[in-house]
Amino acid sequence: MTELQILDIMYQTFQTAVKLTMPFLLVSMVVGVVIAIFQAATQINEQTMTFVPKFLSILIVMGLLGSTMLSTLQDFFRQVLAWMVGS
């Protein structure tokens, strides 16, 4: 393998990692901001109040997008195997 191929694989790896984690991060951030606003308005400072909704929202995202994420990861793995076998 050449250095260019290795750099291309690394770039694709980072791109796939961002693509797979971005829905979880965005949903978690939005839920966190909404709960922080609610806590500031009601002056309730309970740690479990932020954890449980974030956890449930991440489970919902996993249920909705899990199959798509799995197929993305499978496609990436097949591509990496093709690069390895091809060189």
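## An exposed arginine and its partner

Let's start with Arg78, which is exposed, at a relative accessible area of 52%. Keep in mind as you look around that this is a predicted model. Arg78 counts as exposed because its value is over the 50% cut-off.

Which residue does the side chain of Arg78 meet in a salt bridge? The partner is Asp75, with a distance of 3.4 Å from N to O. Asp75 is partly exposed, with 47% relative accessibility. You can find both residues in helix α2, which covers residues 48–86. Arg78 and Asp75 sit three residues apart there, about one turn of the helix. A search of the whole structure turns up one salt bridge.

## A buried threonine

Now move over to helix α1, made of residues 3–42, where you will find Thr16. Is Thr16 buried or exposed? Its relative accessible area is 9%, so Thr16 is buried, as the cut-off for buried is under 20%.

What does Thr16 touch, once its neighbours within four places in sequence are set aside? Thr16 is in contact with Thr72 and Phe76.

Val18, Met22, Leu25, Leu26, Met29, Val30, Val33, Val34 and Ile37 make a nonpolar patch of about 820 Å².

Val18, one of the patch residues, belongs to helix α1. With a relative accessible area of 45%, Val18 is partly exposed.

Methods: Residues are numbered from 1 along each chain as its sequence is written. This is a predicted model: local features need pLDDT of at least 70, side-chain atom pairs count only at pLDDT 80 or more; totals for chains, interfaces and linings use all residues. Side-chain values use heavy atoms; hydrogens and water are left out. A salt bridge is a side-chain nitrogen of Lys or Arg within 4 Å of a carboxyl oxygen of Asp or Glu. Helices (H or I, at least four residues) and strands (E, at least two) are DSSP runs, numbered from the N terminus. Buried means under 20% relative accessible area, exposed over 50%, partly exposed in between (1.4 Å probe, protein chains only). Contact means heavy atoms within 4.5 Å. Patches are made of residues with over 30% relative accessible area and no salt bridge: like charges are joined within 9 Å, nonpolar side chains (Val, Leu, Ile, Met, Phe, Trp, Tyr) within 5 Å. Accessible areas come from the Shrake-Rupley method with a 1.4 Å probe; for residues, only the protein chains shown count as cover.
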